[in-house]
Amino acid sequence: MLSDKEGCLVIEQTKEGLKIYKNDVGVLTNNPDFPYHLKNLNNYMLLSPKNPDNNFSQKLDLKSFSEGMGAIGLPGDSSSVSRFVRASFNLTNSVSDGSEEDNVSQFFHILDSVAMIRGTVITANNKFDITTYSCCINLAKGIYYYKTYNNNQINAVTMNDTNKNTQKLTIFNLIDKERINYIN
C-alpha cells in the first residue's frame, strides 16, 4: 500500500503481472487479492454504527437491547478477509476531534481491532502468528509513530529533528519492552 496526503494505492504482484489499484478504503491485508477484498465488502453493506430498526417483521415488536447491534455480523476471526472487513468498518466509521493526539490514538485503536494476538493463530510451522508492530506517519509533521507487540506505549520519532544532510545512517533504538506507568 502506498499513501500520501492525496490518496492511497495498492500495488500487487500477481501471476498476471504487476497490478495497481486505487484504494478508497485505505486498508490492506494479506491474501486474497485486493479486488476480492473490495468486492467482499458488499456482503457487509447493511452494517451500521447505529442501532438497527426493526426490518425483520412489522408483526413483531423487536427492539435493540444493547448498543452496537447495528454491527452484528461484523466478522471477528483472525483471517485476512475478516480483518480487512473489520478494519474497513472501523476506519470508515471512526471519528476524531482532529488533534494530533486523537488522530494517532484513533489510528492505533483501529489497528488494535485487527491485531493478531499470540496464541490465537498457530501457523503450519507451529509458530504463533502475531502483529509484531503497528505504525503510522504524519507526513505534514514528519513524525513516525509506532508500538510493538511487547510495548503498547505509542512511541514517536520526529524525522525533522534529524540531520538529513549526512552520509551516516541515523538509527533509533526500538523500544520493545513494555513501559507501565505506575501511579503510586
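Which residues form one aromatic cluster? Tyr 21, Phe 34 and Phe 84 do. The model is predicted, so that local features need pLDDT of at least 70 and side-chain atom pairs pLDDT 80 or more, while totals for chains, interfaces and linings use all residues. Numbering starts from 1 along each chain as its sequence is written, and side-chain values use heavy atoms, with hydrogens and water left out.

A pair of aromatic rings is described by the distance of the centres and the angle of the planes. Rings of Phe, Tyr and Trp (its six-membered ring) pair if their centres lie within 6.5 Å; planes under 30 degrees apart count as stacked, over 60 as edge-to-face and the rest as tilted. By this rule there are four aromatic pairs. One of them, Phe 34 with Phe 84, is edge-to-face, at 6.2 Å centre to centre and 80° between the planes. Phe 34 lies in helix α1 (residues 34-40) and Phe 84 in helix α2, so the pair ties together parts that are 50 residues apart in sequence; helices are DSSP runs (H or I, at least four residues), numbered from the N terminus. Both Phe 34 and Phe 84 are buried, meaning under 20% relative accessible area, against over 50% for exposed and in between for partly exposed (1.4 Å probe, protein chains only).

The rings of Tyr 144 and Tyr 146 have centres 6.2 Å apart and planes at 35°, so this pair is tilted. Tyr 144 is partly exposed, at 23% relative accessible area, whereas Tyr 146 is buried, at 7%.

Terms used
Helix = DSSP H or I, 4+ residues; strand = E, 2+ residues; numbered from the N terminus.
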